[in-house]
Amino acid sequence: MNHKRKLNLKKQLACIYTADFFSGLRITDAVWVALLAARGFSLWEIGLTESVFHVVSLLCEVPSGMAADLLGRKKTLVSGGVCMVLQSLLMAFASDLFTICFAMGLNALAMTMFSGTSTALLYDSLKQEGCEEEYIQVSANGSQISMLANAIGSMASILNQFLGYAGFYLLNAAFEGASALANMLLAEPIVTESQASREKHALRALPEQFRQLVRDSLHVLRTCPMAVKLIASSALISVPSYLTKMFLQQRLVELGWPTELLFLPLLLGGLACVAGTEIGRRVRCRSMRRLYTACALLCGVGTLLVGAAPAWGGILGMMLVQGVLEVYLLHESQKLNDAIPSDQRATLISVDGMAYSLLMIPASPLVGAVGDAFGQAGAGLALLGGVIVLSGAALLGKKPQES
C-alpha cells in the first residue's frame with residue numbers, strides 16, 4: 001500500500017523506549033497500600049479502591065482499544081498519560097475515600113488506554129516500514145526497559161522518610177508526565193486507507209464507525225480460529241502469573257520468613273522475567289502448539305512448586321513461572337499481530353487482555369478458597385498448577401501445527 005508519509009523508525013523507537021522507561025518507574029506501586037494505611041485508611045477501604053480499579057479495567061479494556069483504532073493510537077496514548085498525571089496529583093492531595101476511588105478509576109482507565117494501544121502502535125510502526133519480522137526483538141527491548149524501570153521504582157520505598165505521602169505521588173506525576181511527552185513526539189503509523197482518512201471523519205459519523213468496528217472485530221474472531229486459540233491460550237497460561245507472586249508471600253510468612261525479606265522473591269521474579277525475555281527473543285518458534293505444550297508443562301510445574309515446595313523451592317517455582325510466561329507471551333503477541341488486520345488491531349489485542357481478566361475474576365477467590373479450606377496458602381496453587389499441566393499435556397498427543 002502506497003502512503004506518502006515515511007516514518008522515522010529510529011526516532012519512533014526512541015520515543016517508545018523513553019515512554020516505556022518513565023511509565024515503568026511507577027514508584028508508588030510497591031508502597032501505595034502502606035502509604036494509604038499510614039494515612040488512616042482501613043484495609044477494607046484500601047480493598048475497595050482495588051476493586052474499583054479492576055471494575056473500571058474490565059469495563060474500559062475493549063472500548064479503549066476501539067477508541068485507539070478509530071481515533072488514533074498516539075492520541076489514545078497521550079490521553080492515557082494525561083490520566084496518569086491527573087490520578088497521581090489527585091492521590092497526592094486526596095483526603096477522602098471517594099477521591100482515592102476516583103483516582104484509582106482514572107489509573108485503571110489509563111492502563112486500559114496503554115494495554116492494547118502501545119502494542120498496536122509498535123507493530124504498525126514496524127509494518128509501515130516493512131519490518132514486522134523485527135517485532136519480537138523490538139518488543140523484547142521495550143519489555144526489558146520497563147522491567148529495569150520497575151526494579152528501580154520498587155526500590156523507592158527507601159525514600160519514604162525523605163518524600164512522604166504527597167512526595168511519592170508528585171514525583172510519580174513528573175515521571176508519568178515525561179512518558180506522556182515522549183508519546184507526544186510519536187508519529188501515528190498509517191498502514192491502511194482507513195487509518196489514512198481518520199482525520200476526515202466527522203464526529204457524527206463516530207457511532208456508526210464504532211458499530212462497524214464491532215462487526216468487523218467479531219468477523220475476524222469468527223473467521224480466524226488461530227486468533228481465538230492464541231487469545232484463549234495466553235489467558236489460561238497467564239493465570240498463575242500474579243497468583244504465584246501473591247500467594248508465595250503468604251506461604252513464606254507461614255514458613256517463618258520475616259516481612260523484611262519479602263522483597264527478595266519480587267526482585268528474583270523480575271530477574272526471571274528479564275531472563276525469560278532474553279531466551280524468548282532467541283527461541284525460534286515453528287509451532288505455537290508445541291511451544292504452548294512446553295511452556296504450560298513448565299509453568300504448571302512451577303506453580304505446583306510455589307504451592308507445595310519448601311521456601312526456596314517455592315521461590316524457584318515462581319521464577320520459573322515468570323520466566324516461561326515471558327517466552328510464551330512474546331511469541332503469542334507476534335503470532336496474534338500477524339494474524340489480525342491493522343484496522344482492528346488495538347481492539348483485538350484489548351480482547352486478549354480482557355480474556356485474562358475474565359479468568360482472573362473467578363480464579364483469584366477460588367485459589368484462595370481452596371487454600372482456606374485446606375488451611376494452607378499453597379493448596380489452591382497446587383490445584384491450579386495441576387490444571388495448567390493438564391492443559392499442556394492434553395496437546396501432547398496431537399499433531400503439531402505450523403502456525
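Helices here are DSSP runs of H or I with at least four residues, numbered from the N terminus. With that in hand, let's look at this predicted model, starting at Q344, which sits in the loop between α13 (311–339) and α14 (345–374).

Is Q344 buried or exposed? Its relative accessible area is 8%, and since buried means under 20%, Q344 counts as buried. Setting aside neighbours within four places in sequence, Q344 is in contact with D69, L213, D216, S217 and V220.

## Where α3 meets α4

One of those contacts of Q344, D69, also takes part in the contact between two helices, α3 and α4. The axes of α3 (residues 43–71) and α4 come within 6 Å and cross at roughly 135°, and the two helices are therefore oblique to each other. On the α3 side the contact is made by S64, A67, A68, D69 and L71, and on the α4 side by R73, K75 and T76.

D69 and R73 are also linked through their side chains, in a salt bridge with an N to O distance of 2.7 Å. Both D69 and R73 are buried.

## Salt bridges across the structure

How many salt bridges does a search of the whole structure find? There are eight. One of them pairs R26 with E176, with the closest N and O atoms 3.4 Å apart. R26 lies in the loop between α1 (9–25) and α2 (32–38), while E176 belongs to helix α7 (residues 160–184), so this pair ties together parts that are 150 residues apart in sequence. R26 is buried, and E176 is too.

## A nonpolar patch on the surface

Finally, let's turn to the outside. V82, L86, L89, F93 and L170 form a nonpolar patch on the surface, and together they have about 440 Å² of accessible area. Which helix gives the patch its largest share? That is α4 (residues 73–93), which contributes four residues.

V82 is found in helix α4 and has a relative accessible area of 43%, so V82 is partly exposed.

How values were computed
Residues numbered from 1 in each chain as written. Predicted model: local features only at pLDDT ≥ 70, side-chain atom pairs only at ≥ 80, totals over all residues. Heavy atoms only, no water. Patch = residues over 30% accessible without salt bridge, like charges linked within 9 Å, V, L, I, M, F, W, Y side chains within 5 Å. Areas by Shrake-Rupley, 256 points an atom, 1.4 Å probe, with all protein chains shown as cover. Salt bridge = Lys/Arg side-chain N within 4 Å of Asp/Glu carboxyl O. Buried < 20%, exposed > 50% of the residue type's maximum accessible area, 1.4 Å probe, protein only. Contact = heavy atoms within 4.5 Å. Axes fitted to C-alpha atoms, helices over the stretch in contact; angles between N-to-C directions. Parallel < 35°, antiparallel > 145°, perpendicular 65-115°, else oblique.
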